[in-house]
Amino acid sequence: MDPDRLVWVGTGGPDGSGSGYLVGPRLVLTALHVVRTGGRWAETVVTRIGHPEHGGFARRDARVCWPDPEGGDPGEDAPDIALLWLDEPVTTTGGPVLWGRPAGTNPLPYVGAGFPAFAADAESPAQFEHLRGELSAVGTSQPGWVLDCGVRPAAGRGADRPWAGASGSAIFCHGRLVGVATEDNRRMEERRLHAARIDKALAEPGFARLIGRHGHPGTTDQLEVVTTSGGSVGGGGTAWPVKVGMIPSQATAFQPRSTVRERIERARSAGSGSVVLTQVLSGGGGVGKTQLAAAFATEALREGADLVVWAAATEVQGVITPYAQAAAELRLPGVTGDNPEADARALLEWLATTSQRWLVVLDDIADPAALTPWWPTSHTGTGWVLATTRLHDARLTGGGRTRVDVDIYSPEEAEAYLRERLTGDDMIYLLDDQAPALAAALGYLPLALGLAAAHMINEALTCAEYLKAFHDRRTSLTDALPETGDADGYGRDITVALLLSLGAAEAADTTGLAYAALCLVALLDPAGHPAALWSSEPVLGFLTAHSPGTEPVTAAQARRVLRLLHRYALITHDPRADPRAIRVHALTSRAVRERIPVFLLFELASTAARSLVHIWPNIDQPYRDLAAALRANTDVLASHSGALLWRLGGYTVFYRAGRSLLDAGLADNATNYWTAVCKAAEHLLGADHEHSLQAQHSLASAHWQAGRTQDAIALQEHVVAGIKRVLDCDHSLVLAALANLATCYYQEGRIQEAIAIQEQLVTDHEQQLGHDHRNTLAARINLAGMDWPAGRTQDAINLREQVAADSTRVLGHYHPGALQARNNLAVSYQRRGLIQEAIAIQEQLVTDHEQQLGHDHRNTLAARINLAGMYWSAGRTQDAVNVQEEALSGCERVLGADHPQTLLARANLAFIQGRLKDGQS
């Protein structure tokens, strides 16, 4: 009997209400006289499903679906049983309802629950009462079974019908539903109830059909004979229930994992036909697969399962042995104990045809091929197989089996675990505001949280103190999560647990590259990196160097290695998730890194850095998600091997990531990033090293982008002087620094100085690189974008037209430089009075910017500001206001209230609104 399936049935009739039981998501079993009294069907039926201590209530309207009210009077011989159809389904946990028929001569213990009148109180007319007592299979009455009540009302309690309201209660014997409470026998002083026999209802085709089609998953119309032996009658006088194998005890502070359990229940509901309802719980080490399976096994025994077999399925003998033991305990025909395989097959034959309710758990499957002959089936729908494995193998989902992925705790589950675990040891004071950070640092892995909590208890460490030790580079994973914290008997060191399947993966690896590939993954972001990295030249070269073969490793071979690691749950390879297609749990990554020898770490770090640069697009903006993933991977790589990369000269990736921040318009992030890079470069390379000066140059660009022009000018002048001192004056870094300095001068109003520098830069670039080189075009775009003196207006327009055409031709229509060149041209047309031509260019530019850079990119906002000004010049006042308001909102949100671009947008809007108030256009 499941408390969450108890039902109160209200009809509004003279007798008020009755009881019922949910036998399917939309099917309620009750007594016929509850919904039909005085020869009339109840006009309205309302129900309340559930129990306040077991998940609360669900309220549903209902109608009678059996007997069919359209069929007229059911007749006096009809069993006092009815089925109600709910207007909406109700989802509950637990298995199918099992039906029984009492037999033998000795009384049977029964249980039930309902809402008798004597249980009511002042607050509610309907309160739960646990019915229990003895049922006599010998005693008879017109309704059916005779129930002697262990709980009964006191004299006078509940007026003249104290049991009223209990009618419709489901009556269970040894977990089998045998009847429906119908009435009390008043001559026995309220000590006796009667129950309509469920076997009579099951004999009715309409009732049986509804139960078979709409009962809970796995429900059939099969009856089991119930006796005082503790269950149904079985072969050779078996005493039920039978349990074989050691079910693991429930872990301390066990979390119910409601989301995962719902997925398992949904997977069970999808089963049909003669194939057993089988779910395979798949996930990495330490996610709690075995604990979930153990919880289901324990619940199955509690809810009346006849047989539960727990088999350690790491190897096939661990399955055959408990199967043979179960066959012996069931005393199946032909089972002798001399031939375990034959006895195990006898069990499989019995499981396929029995109507007994059974569960077989196959824990930790490691070899799907060897297990193929040993999967149980059920042709009656009364069995269930639950398996656990680390593998993602198609052979585990053949034959009608369904995989259910078991992942880490949710943040809420992780925090709940820590709270309950510490509370249980009366050490809740260790839980502080760093608990969420601790759970996140452990990757929400159940095993890691269990070990960490036990270690905290043993050492009286608060969350903050533990977290500090965990992040200390001198602390190994085994020290942070020691075996002394294995309070629940997991039995494995954390590193061993996380990498348990590595040996099997290497044994199955025909390329010999599994370990090298896993080490490379461990240096990158656990949240994922792009699949393209595994077809890059640096990675393929690295794999080739570590391959036992003589031929170069191909991208297809690299992908097969990733799929192998995925199959053994060491990584996740999901091509749909690109640019984060390859993921790994953070603790698995750390466990691998701690085992990497130093000589290999140098090679791995260099390979990872070069491969990231190799797949980084030249222009970030059309690939924003990819650029963000590459920046994140660069940060993680730097945290693991930054000093190595500086010494190896592999720091190009750091500069590419910083430029990506600038390209993305993330000025504050870029400033912080380049400040850190400058410090690292100066410390490791020296202040006058080319790459140190390049880092300072990029930091100046970040200052300029953030609107800190004075800081940018001071730093850029320092960089230019330093570069000229240590590098050739024609060095590309000199030219780039001068270009940035000219831009800063221009923004500060030092226009003549800016133009002079930029004109010289164009000349230098054309001489060194050619007219159409990208850097030459960039210099020409910058020069064309400056306000020229009044006498050179036509020169400016001619230059901007030529630059716009050249940049689009050479760089492409959507290149940021080409967009900027066309923006400069539109501004020139506006100032020359060619307003319509300017608007046509600028409207297309806003669209192009939004498509390529995003709605809130700094350049998109600038294009919108310019378009608003052009609308104003054209007399399109309301359009100007609308666009300027949109631009100002974006600037304030993205750049901040005091950024120069925000100030410009605000001033423009104030100007337009002020003129409107003055009545001017």
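Ala532 sits in the loop that runs between helix 16 (514-522) and helix 17 (537-545), where helices (H or I, at least four residues) and strands (E, at least two) are DSSP runs numbered from the N terminus. With a relative accessibility of 37%, Ala532 counts as partly exposed; the cut-offs here are under 20% relative accessible area for buried, over 50% for exposed, and partly exposed in between (1.4 Å probe, protein chains only). Ala532 and Leu612 are 80 residues apart in sequence, yet their C-alpha atoms are 9.5 Å apart in space. The model is a predicted one, so local features need pLDDT of at least 70 and side-chain atom pairs count only at pLDDT 80 or more, while totals for chains, interfaces and linings use all residues. Residues are numbered from 1 along each chain as its sequence is written, and side-chain values use heavy atoms, with hydrogens and water left out.

Another loop residue is Arg257, found between strand 17 (242-244) and helix 4 (258-269). Is Arg257 buried or exposed? At a relative accessible area of 3%, Arg257 is buried. Its neighbours, leaving aside residues up to four places away in sequence, are Val287, Gly288, Leu292, Val406, Asp407, Ile408, Tyr409, Glu413 and Pro446; a contact here means heavy atoms within 4.5 Å.

Next come the aromatic rings. Rings of Phe, Tyr and Trp (its six-membered ring) pair if their centres lie within 6.5 Å, and planes under 30 degrees apart count as stacked, over 60 as edge-to-face and the rest as tilted. That rule gives 11 aromatic pairs. One of them joins Tyr21 and Phe172, edge-to-face, at 5.2 Å centre to centre and 70° between the planes. Tyr21 belongs to strand 2 (residues 17-24) and Phe172 to strand 13 (residues 170-173), so this pair ties together parts that are 151 residues apart in sequence. Both partners are tucked away: Tyr21 is buried at 3% relative accessibility, and Phe172 is buried at 4%.

Phe296 and Trp384 make another edge-to-face pair, with 5.3 Å from centre to centre and 85° between the planes. This pair, too, links distant parts of the chain, since Phe296 is in helix 5 (residues 289-302) and Trp384 is in strand 21 (residues 383-389), 88 residues apart. Phe296 counts as buried at 3% relative accessibility, and Trp384 counts as buried at 6%. Elsewhere, Trp646, Phe654, Tyr655, Tyr673 and Trp674 come together as one aromatic cluster.

A charge sits over a ring if NZ of Lys or CZ of Arg is within 6 Å of the ring centre and within 35 degrees of the ring normal. Arg401 lies over the face of Trp375, 4.1 Å from the ring centre. Likewise, Arg590 has its charged end over the ring of Phe470, 4.3 Å from the centre of that ring.

What about helices lying side by side? The axes of helix 32 (residues 858-873) and helix 34 (residues 900-917) come within 11 Å and cross at roughly 20°; axes are lines fitted to C-alpha atoms, for helices over the stretch in contact, and angles run from 0 to 180 degrees between N-to-C directions. Helix 32 and helix 34 are therefore roughly parallel, given that angles under 35 degrees count as roughly parallel, over 145 as roughly antiparallel, 65 to 115 as roughly perpendicular and the rest as oblique. On the helix 32 side, the contact is made by Arg858, Leu861, Ala862, Ile865 and Trp872, and on the helix 34 side by Gln901, Leu904, Ala905, Asn908, Phe911, Ile912 and Arg915.

The peptide bond from Trp66 to Pro67 is cis, with omega near -5°, and Pro67 is in the loop between strand 7 (56-66) and strand 8 (82-86). A cis bond also leads from Asp578 to Pro579, with omega near 15°. Arg331, although not a glycine, has a positive phi of about 55°; this residue is in the loop between helix 6 (317-329) and helix 7 (340-353) and is exposed, at 54% relative accessible area. Asp364, also not a glycine, has a positive phi of about 65°, but Asp364 is in strand 20 (residues 358-365) and is buried at 18%.
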